[in-house]
Amino acid sequence: MLVLNAGSATLKATVLDMPSTDPTFDRTVGWSSTTSEADVGRAVDEALAAMTVAGIPAESLRAVGHRVVHGGERFTSPTLIDDAALAALDEVADLAPIHDPLAIRTIRAARSRLAVPHVAAFDTAFHATLPEVAIRYPVPDSWVTQHGIRRFGFHGLSVAWAIRAAAAALERPVEELRIVVAHLGGGCSVTAVDSSRSVDTSMGMTPLEGLMMGTRSGSIDPGIIFRLVRAGLMPTDIERALDHESGLRGVGGTDDVRELLDREARDPRAALAVDLFVRRAAAGIAAAATTLDAVDAVVFSGGIGEHATTVRARICARLRALGVPEPPSAESGEGVIARGPNGLAVVVVHAREDVVIAESALEVVGP
């Protein structure tokens, strides 16, 4: 199974010989200065050429799985991609304008080069179990009925793997666990999971809501936007700033957490960026915990969640009132890294969206 994960900065190509979860091929290709159809095609060609050099001919592939961030209300499970499905994806692409158009271009490029089934796996699909009270915004009913305003949630592929890996680390069935998953990377979200079902999540109708992120603001007072519009700023400029010029980059000048941690002792901007990130991540975890009867584990995943050990420890330190134990700031392993006297565990999981995507593709095309 070939997995193509089209991110905002790179295309990640992974081959898995199922049911093994060990990649037989793994290559990351950076996009060029643009992500036009031609540039996306060149990136796909580069990945496929490297795959061939690695001894994996294209004709050996059973299927190709693609990560798609937003499936809207139309796509709530892995879907075989044909022309009709592609057309439907185009219709919901504006819900995730940074991610979905790029994924769709990647799917088109891959379909033109590989005559095997192509399957889309959606980050939003995991959150199809959200209850109405989590989906609904407190806005006029006409906004819901006429404009489809509702929460969808994201990072579902990462969360699906995280709860599975956490259950294995805790040696308990995932169906009996109540878990808060903090996916902290370029994008950041918190999801409350009860018996393997998503019951609350911080991202909303788009991936812009919720925690402070690398370049995204996360939740802000909506009145700020009205004020900026009245001041003459164009909506497209505001959207670009909130998506690409905010978050860690907006406060600290960069979205590289390693650089910010290196600078924070001597640079107030860097220190503020890290403190604000920690504060907002902890608040998101605490809010998610209130939707569960109890919390068995807090799980960290994503680039920051997995590797920024001091950030992770500082987040946990802010959660002492909830009984979350503080892990050692130098702990860099995977699995259970701390356990409190109440049994609440802190778990680190290396994100493996590729496995979930490959399994989703296999589910659709058959063994």
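I started at Ile220 and found this residue in the loop between strand 9 (197-201) and helix 7 (222-230). I note that the model is a predicted one.

I found Ile224, Leu228 and Leu233 with Ile220 in a nonpolar patch on the surface. Together the four residues have about 280 Å² of accessible area.

I moved to strand 2, which spans residues 10-16. Is strand 2 mostly covered or mostly open? I recorded it as mostly covered, with five of its seven residues buried.

I followed the pairing of strand 2 toward strand 1 (residues 2-6). The two strands run antiparallel and are joined by five bridges. Ala6 stands opposite Leu11 of strand 2. I counted three residues between strand 1 and strand 2, which form a hairpin.

I then took the pairing of strand 2 with strand 3 (residues 23-30). How many bridges join strand 2 to strand 3? I found seven, and these strands also run antiparallel. For Ala13, I noted Arg27 in strand 3 as the bridge partner. Strand 2 and strand 3 form a hairpin as well, with six residues between them.

My last entry on strand 2 is that it pairs with strand 1 through five bridges and with strand 3 through seven.

Terms used
Residues are numbered from 1 along each chain as its sequence is written. This is a predicted model: local features need pLDDT of at least 70, side-chain atom pairs count only at pLDDT 80 or more; totals for chains, interfaces and linings use all residues. Side-chain values use heavy atoms; hydrogens and water are left out. Patches are made of residues with over 30% relative accessible area and no salt bridge: like charges are joined within 9 Å, nonpolar side chains (Val, Leu, Ile, Met, Phe, Trp, Tyr) within 5 Å. Accessible areas come from the Shrake-Rupley method with a 1.4 Å probe; for residues, only the protein chains shown count as cover. A salt bridge is a side-chain nitrogen of Lys or Arg within 4 Å of a carboxyl oxygen of Asp or Glu. Helices (H or I, at least four residues) and strands (E, at least two) are DSSP runs, numbered from the N terminus. Buried means under 20% relative accessible area, exposed over 50%, partly exposed in between (1.4 Å probe, protein chains only). Two strands pair if DSSP finds at least two bridges between them.
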